[in-house]
Structure formats: structure tokens, C-alpha cells
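The following exercises concern a protein structure and are each followed by a worked solution. Please examine the sequence and the structure before reading on.

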Amino acid sequence: MDKLLIRGGRRLQGDVTISGAKNAALPDLCAALLSAEPVTLANVPQLQDVNTTLKLLANMGVQAERHGDDPDRVTLDAGQVNNPEAPYELVKTMRASILVLGPLLARFGRARVSLPGGCAIGSRPVDQHIKGLQAMGAQITVEHGYIEARTPVGADGQPTRLKGARITTDMVTVTGTENFLMAASLAEGETILENAAQEPEISDLAELLIAMGAKIEGHGTHRIRIQGVDKLHGLTSAKAHQIIPDRIETGTFLCAVGAAGGDVTLHRAEAAHLESVIEKLREAGIQITVGQGTIRVQADARPRSVGFRTREYPAFPTDMQAQFMALNCVAEGTAVIHETIFENRFMHVNELDRLGARIEVDGHSAVVTGVPKLSGATVMATDLRASASLVIAGLVAEGETLVDRIYHLDRGYDRMEAKLRGIGASIERVKG
């Protein structure tokens with residue numbers, strides 16, 4: 001099993017190119033199921049979760065190919081789908097697999113999807129997905145660990161189309177909003193999504209669907225209106241959909257430089273998607289300069305502690321909580337962090353403590369008292385963003401830090417250690 005060996009204490013200097021957003025790429029890949037014509041996506045990150053999604057789609061009969069001259073460009077052809085099922089073996093490692101449910105139902109009138117797995121950071125129930133699709137006329141049961149979904153059979157013996165509906169979820173759900181967007185694009189009539197998620201990844205998916213012929217208004221707000229169409233067309237390579245930059249990878253590198261010190265410019269970055277994090281970094285005394293598609297981060301002194309509360313977008317993202325906590329571990333002062341999204345998202349605290357951090361957890365809050373220095377040790381990643389926090393801590397710790405179970409990191413960061421080496425970090429992948 002691979003591990004990361006980090007020798008801390010080096011300032012970071014240079015340039016980093018941000019990859020496409022994982023949380024946009026996964027629903028975009030699944031959206032290819034909505035058309036019988038090839039769909040080309042650009043800026044697709046090379047991640048384990050992307051590879052798992054491509055295997056899942058291939059299992060259904062989707063042909064997918066990365067372009068040899070541009071491996072971040074992928075063409076998917078769902079013209080010969082013959083198995084509308086997502087089996088447990090492929091779904092167990094990735095909760096985003098639930099995103100095939102909506103498009104399969106919308107185009108084929110049936111789907112069999114295993115209840116998903118993924119990071120053990122807390123409950124993310126699929127009941128909102130089921131509730132919304134049932135409102136659109138789907139007949140759904142959950143048996144033997146699988147969601148069995150169908151549309152009613154018409155007089156001709158063929159599955160009928162989903163029906164437009166007004167859907168109001170009990171809480172804001174990103175993947176739920178994405179499933180409903182895809183399903184409603186081919187439904188009969190109008191669908192209105194109330195309490196919709198506003199994340200940039202939602203707008204990215206909506207723009208892809210619009211380019212394929214969908215009629216969508218209001219994406220990026222809490223109320224989205226979709227007028228269903230009879231079919232969606234594909235996208236040629238010349239008209240490929242460009243996936244947005246990964247705002248969480250961007251934020252992770254900003255925190256890494258803020259903690260370790262240095263002067264780094266991030267390219268192909270979108271500051272408008274990360275305003276809450278940038279604001280907190282500036283409060284910490286870190287200089288952030290925003291350009292056209294670039295963000296320059298300069299840190300020449302020990303940062304100041306900054307507290308925050310995670311909330312749905314556009315507030316501070318839960319996916320940045322662990323990385324900013326690592327920054328606070330070496331900051332001057334004490335900060336309180338409130339986690340309001342996932343109940344188990346402080347699992348990295350014990351590992352940060354092994355490096356010499358001072359953190360006290362009380363329910364959904366963590367009090368972080370900064371220390372002048374951390375010391376290297378062997379630590380274990382427990383989920384995707386926790387692994388990134390341990391890498392950041394390792395960059396500033398004295399001596400060597402060995403991060404185990406980095407398969408979590410590979411799920412969501414595109415060649416992270418190579419990018420860090422490119423800006424001066426001493427980090428290498430070793431076999432355990």
C-alpha cells in the first residue's frame with residue numbers, strides 16, 4: 001500500500017496548475033448516459049474516483065476513451081447501454097455512484113443501483129433522491145442493498161417518461177440536486193427544484209446539459225426550473241464541455257502555502273468559487289492576489305488563528321475544514337471550528353495530535369490552539385480531505401512524516417505529490 005514520505009520545513013515557491021473539479025467531473029460523466037450520441041468532456045482530472053466512474057459506466061455498456069494527446073479529454077458513448085445497473089463491487093468505494101440513478105431512469109425507464117459507500121465521514125442518506133424521483137413518477141423499492149427503480153409501463157408495453165414535478169428537499173443536497181437536474185432534463189413537462197444546492201459544480205452540470213440541448217434556468221440559485229425535452233444530443237471534441245477548476249484543490253494549496261510559507265501562483269484557478277476560504281486566509285494574515293484565472297498566495301510570517309463555521313455554499317465548505325484546521329495548528333492564537341455538515345468529520349484530529357497539534361473536540365466543535373512547531377510522525381489518513389490535512393501538517397513538521405492509506409488522497413487529488421515537489425516540497429510516494 002502506497003504511503004507519502006514528507007520531510008518538512010521547506011518554503012514553497014513556484015507555480016501550480018489546478019486540475020478539473022472532481023465534484024463536477026463525476027456528475028458530468030454520468031450525464032453522458034442521457035444521450036445516445038458521444039459526449040466529449042475536457043479538463044477531466046486523473047483521479048481514482050474518475051477511474052471508478054468510468055469502470056461503472058463501462059459495466060453498463062458505455063464506451064469511454066481518454067484522448068492520447070490530451071489525457072484530460074474524455075469521450076463517452078452511451079449509445080449501446082445494455083445493463084442499467086450499478087453493482088455493489090463498483091459502488092462500495094464511492095458515494096457519488098448514486099448519480100447514475102437519475103439519468104438511467106430518465107432515458108431507459110429503469111435502474112438498479114447499489115446503496116453507495118465512500119468516505120466514512122457521516123451519514124449522507126439517499127432518501128432525498130428517492131423522494132424526488134418518486135415525485136416524478138418513479139416506482140422505487142430498496143431491497144437487498146439495492147435501489148430498484150422503474151417508470152410505469154405504458155399501453156404499448158414500454159416504460160413511460162418521468163413526469164415534471166415540484167421537488168422540495170428536506171435539506172440542501174448536492175448530489176440530489178444533480179440527480180434531479182439530469183432526470184428532469186428528459187422528463188415530460190416542467191420540474192421546479194426548491195431548496196436546490198448552489199455549488200459551482202451544480203452550475204457546471206447545468207451548463208453541460210444546456211449544451212446538450214436541455215432547457216434549464218436558475219442554476220446557481222436555490223430555485224431551478226427545468227423544461228423537459230424529448231432527447232439530448234452529444235458534444236463533439238471541438239465543442240467539448242470544459243469542466244471547472246477544482247476549488248477544493250485550489251483551497252488545499254492555498255492552505256499549504258499559508259502554513260509552510262512561500263510564494264506560489266495557482267493557474268487555471270477560479271477565485272470566485274472560493275471567496276469564503278480566501279476571506280479567512282486573508283484574516284489569517286496571508287496575502288492573496290487574484291488575477292485572471294490565477295491566484296497568488298504569499299506567506300512570510302506565522303499565520304494568525306481564524307475560526308469558522310462550515311455551511312452550504314457559498315459559506316465555508318466542509319471539504320476545506322480539515323485543511324484549514326492544519327493551518328490553524330501552527331497559527332498564532334486559538335480558533336474554534338464548528339462543523340455543521342457531517343457528524344464524523346473530525347477523525348483527522350487524533351492524527352494531527354500525533355504530530356504535536358493541540359486540539360480539543362466537543363461534539364461538533366473543535367478548539368485549536370496553535371503551536372510554534374509540529375514534529376514528524378507516522379499518521380493514517382481516514383478520508384479524502386483528512387489525508388490532505390495530514391500532508392499540509394507534514395509540510396511544516398520537523399523531521400519526517402509518513403502518511404499511510406493515501407488511497408484516500410488519490411480519490412480526489414490529481415498527482416498531488418508531484419505538484420508539491422514542483423514548488424519545492426520534499427515529498428515522495430513510497431511502498432508500504
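**Exercise 1.** Identify the bridge partner of Thr334 in E21, and then describe the pairing of the strands around E21.

*Solution.* The bridge partner of Thr334 in E21 is Thr369. The model is a predicted one, in which local features need pLDDT of at least 70, side-chain atom pairs count only at pLDDT 80 or more, and totals for chains, interfaces and linings use all residues. Residues are numbered from 1 along each chain as its sequence is written, and side-chain values use heavy atoms, with hydrogens and water left out.

Step 1: strand E19 (residues 334-338) runs antiparallel to strand E21 (residues 365-369), and five bridges pair them. Strands here are DSSP runs (E, at least two residues) and helices likewise (H or I, at least four), numbered from the N terminus; two strands pair if DSSP finds at least two bridges between them.

Step 2: strand E20 (residues 358-362) is also antiparallel to E21, again over five bridges. Within this pair, Glu360 has Val367 of E21 as its bridge partner.

Step 3: two residues lie between E20 and E21 in a hairpin, and Gly363 in its turn has a positive phi of about 65 degrees.

**Exercise 2.** State the strand order of the open sheet formed by four strands, and name its edge strands.

*Solution.* Step 1: the order is E4-E5-E3-E14, with mixed pairing. Step 2: strand E4 (63-67) and strand E14 (241-242) are the edges, each pairing on one side only. Step 3: E14 pairs with strand E3 (residues 39-42) in the parallel sense over two bridges, and Gln242 in E14 is the bridge partner of Ala42.

**Exercise 3.** Describe how domain 1 and domain 2 meet.

*Solution.* Step 1: an automatic or database assignment sets the domain bounds, giving domain 1 (3-19 + 245-430) and domain 2 (22-242).

Step 2: 24 residues of domain 1 contact 21 residues of domain 2, where contact means heavy atoms within 4.5 Å.

Step 3: the two domains bury about 2,000 Å² between them, 52% of it on carbon and sulfur atoms; buried area is the accessible area (1.4 Å probe) that two parts lose on being put together, summed over both. In domain 1, Tyr313, Phe342 and Arg411 lose the most area to domain 2, together 33% of what that side buries.

Step 4: two salt bridges are counted between the domains, a salt bridge being a side-chain nitrogen of Lys or Arg within 4 Å of a carboxyl oxygen of Asp or Glu. Asp49 and Arg411 form a salt bridge through their side chains (2.9 Å, N to O).
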